[in-house]
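Reader: I want to learn how to read helix packing and pockets in a model. Please take me through the structure shown here.

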Amino acid sequence: MTGVSLLLSFVLDREKTFLGLKKGGRMLFNILHPFLNILILISIMLFFIPEPLIVRYLGANSGWYGFGIAAFIGSITLIPGFISYPLAATLLQQGATYAVVAVFMTTMMMVGVVTLPLEIKYFGKKAAILRNFLNLIAAIIIGIFMGWLM
């Protein structure tokens, strides 16, 4: 599908197609360096955290405690979305449950404790806190649903 779209774009306007490919290549190059750095850092961290520890605190028997840990860490973590997926896969391989990983990823994307002062500045205190609180509740609900589903 991508190849057909690229060919069609090339036929319609060669100049814009080359410009788009050049711009996309630069974007890929710019994102590759931080992606690899964070992936390496996460891999090193997970190497030093023993698997039994992950299973104990994020595994099937962690219950609400596991949800709380995942929600806390996800809320304060500033990791881009494209890095969270390999991290989630690694956590699942290490023994974390789908429910806990869902809470972690959802809070990481939707709750921003670190960015809260900036949100308060632009959206106001009430809106920023309400948005984060409602997204935290949504993350817990999504985690429960994923636990039930999986």
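Reader: How do the axes of α2 and α5 cross?

Author: Two packed helices are described by the angle between their axes and the distance between the axes. Here the axes of α2 and α5 come within 10 Å and cross at roughly 20 degrees. That makes α2 roughly parallel to α5 (angles under 35 degrees count as roughly parallel, over 145 as roughly antiparallel). This is a predicted model, where local features need pLDDT of at least 70, side-chain atom pairs count only at pLDDT 80 or more, and totals for chains, interfaces and linings use all residues. Residues are numbered from 1 along each chain, and side-chain values use heavy atoms, without hydrogens and water.

Reader: Which residues in α2 meet α5?

Author: Contact means heavy atoms within 4.5 Å. Ile31, Pro34, Phe35, Ile38, Leu39, Ile42 and Leu46 in α2 meet α5 residues including Phe82, Pro86 and Leu91. The contact divides into twelve nonpolar, one polar and no charged residues.

Reader: How do the axes of α6 and α8 cross?

Author: Helix α6 (residues 98–110) and helix α8 (residues 125–149) have axes that come within 8 Å and cross at roughly 155 degrees. That makes α6 roughly antiparallel to α8. Their contact holds eleven nonpolar, six polar and one charged residue.

Reader: What lines the largest pocket?

Author: The lining has 19 residues, with Leu46, Ile49, Leu58, Ile73 and Leu91 nearest the centre of the pocket. It divides into 18 nonpolar, one polar and no charged. Helices α2, α3, α4, α5 and α6 each supply at least two of the lining residues.

Key:
Axes fitted to C-alpha atoms, helices over the stretch in contact; angles between N-to-C directions. Helix = DSSP H or I, 4+ residues; strand = E, 2+ residues; numbered from the N terminus. Parallel < 35°, antiparallel > 145°, perpendicular 65-115°, else oblique. Nonpolar A, V, L, I, M, F, W, Y, C, P; charged D, E, K, R; others polar. 1 Å grid on protein atoms, 1.4 Å probe; cavity = no way out; pocket = protein on both sides within 12 Å on 5 of 7 lines; lining within 4 Å.
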